[in-house]
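Please keep the sequence and the structure side by side while you read this note.

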Amino acid sequence: MRDFPVLAFVLLAVATFAACSEEREHLAPAVNPKDSVATMVTYGVNTMISDSGVIKYRIVAEKWEINQNRNPSRWIFHKGLFLEQFDLAKHVQAYIQCDTAYYYDMRRLWELHGRVRILTKKGLKFSSEELFWDERQHEFYSNKFSHLITEDKELQGNRFRSDEYMTKYSVKMTKGYFDKKDIGQSDNNQTQNNDSTNHWGRQPKHPRRIHNN
């Protein structure tokens with residue numbers, strides 16, 4: 001079975017939980033459509049999500065707001081978001097955490113801020129102060145300082161771009177450390193790096209950040 005993208009389980013888990021939560025009936029006075037009142041606010045989220053009867057995901061959020069009256073509509077995690085993915089033995093395979101998160105549902109765009117930390121199923125560790133995930137383009141990107149660590153190398157740079165599996169990525173304005181065995185394969189690595197750079201091209205200038213209305 002092909003691995004999930006790094007953040008695919010976020011949508012699966014969060015969307016599943018949202019669907020369950022929205023089944024509850026809440027009675028309240030009508031509000032003006034122009035108001036920015038949240039459609040749903042949930043506090044103290046700490047729940048496990050199962051897939052085919054097997055627990056695979058955990059969501060933790062102090063406050064989760066769904067607001068469809070703001071432009072653009074969004075899900076808001078002002079007080080942080082933490083998600084884990086488990087294997088069959090309940091060991092953590094991957095996780096994502098950040099201090100603040102927004103999901104713009106109509107644009108299918110995630111925006112993570114603060115102490116953004118990711119561990120992928122392949123063992124890659126990523127950290128930054130900002131990260132975007134564009135579901136439509138199937139890519140991550142950040143224009144802030146990013147730090148990547150794998151088994152054989154460590155990269156740092158101010159411009160990061162990757163596929164949503166975090167297996168093909170480019171880091172620009174970089175400095176890093178590589179395993180000695182990579183030095184003997186410099187020609188092959190240079191070709192691979194060039195291909196990666198050409199494939200991903202220039203960093204997108206927009207959106208840097210979506211302004212809240």
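1. Strands here are DSSP runs of E of at least two residues, numbered from the N terminus. With that in mind, Y57 lies in strand β2. Note that the model is predicted.

2. Is Y57 buried or exposed? A residue counts as buried when its relative accessible area is under 20%. Y57 has a relative accessibility of 0%, so Y57 is buried. In sequence, Y57 and D87 stand 30 residues apart, while their C-alpha atoms are 9.3 Å apart in space.

3. Strands β4 (residues 81-86) and β5 (residues 92-98) pair in the antiparallel sense, over six bridges. One place to look is L81, whose bridge partner in β5 is C98. Five residues lie between the two strands of this hairpin, and K90 in the hairpin takes a positive phi near 70 degrees.

4. Strand β5 also pairs with β7 in the antiparallel sense, over three bridges. Here Y95 stands opposite L119 in β7. As a general point, side chains in a regular strand alternate between the two faces of the sheet.

5. The largest nonpolar core has 31 residues, and L81, F126, L131 and F160 have the most contacts inside it. Strand β2, residues 54-67, gives the most to this core, namely five residues. Another core lies apart from it and has six residues, among them Y102, Y104, F132 and Y141.

6. F77 and W110 form one that is stacked, with 6.4 Å from centre to centre and 20 degrees between the planes. This pair links distant parts of the chain, since F77 is in strand β3 (residues 74-77) and W110 is in strand β7 (residues 109-119), 33 residues apart. F77 and W110 are both buried.

7. Why is the pair of F132 and Y141 called stacked? Planes under 30 degrees apart count as stacked. The ring centres of F132 and Y141 are 5.2 Å apart and their planes are at 15 degrees, so this pair is stacked.

8. Finally, one aromatic cluster is formed by W64, W75, F77, Y103 and W110. The stacked pair of F77 and W110 can be found within this cluster.

Terms used
Residues are numbered from 1 along each chain as its sequence is written. This is a predicted model: local features need pLDDT of at least 70, side-chain atom pairs count only at pLDDT 80 or more; totals for chains, interfaces and linings use all residues. Side-chain values use heavy atoms; hydrogens and water are left out. A nonpolar core is a set of buried Ala, Val, Leu, Ile, Met, Phe, Trp, Tyr and Cys residues joined through side-chain atoms within 4.5 Å. Buried means under 20% relative accessible area, exposed over 50%, partly exposed in between (1.4 Å probe, protein chains only). Helices (H or I, at least four residues) and strands (E, at least two) are DSSP runs, numbered from the N terminus. Rings of Phe, Tyr and Trp (its six-membered ring) pair if their centres lie within 6.5 Å; planes under 30 degrees apart count as stacked, over 60 as edge-to-face and the rest as tilted. Two strands pair if DSSP finds at least two bridges between them.
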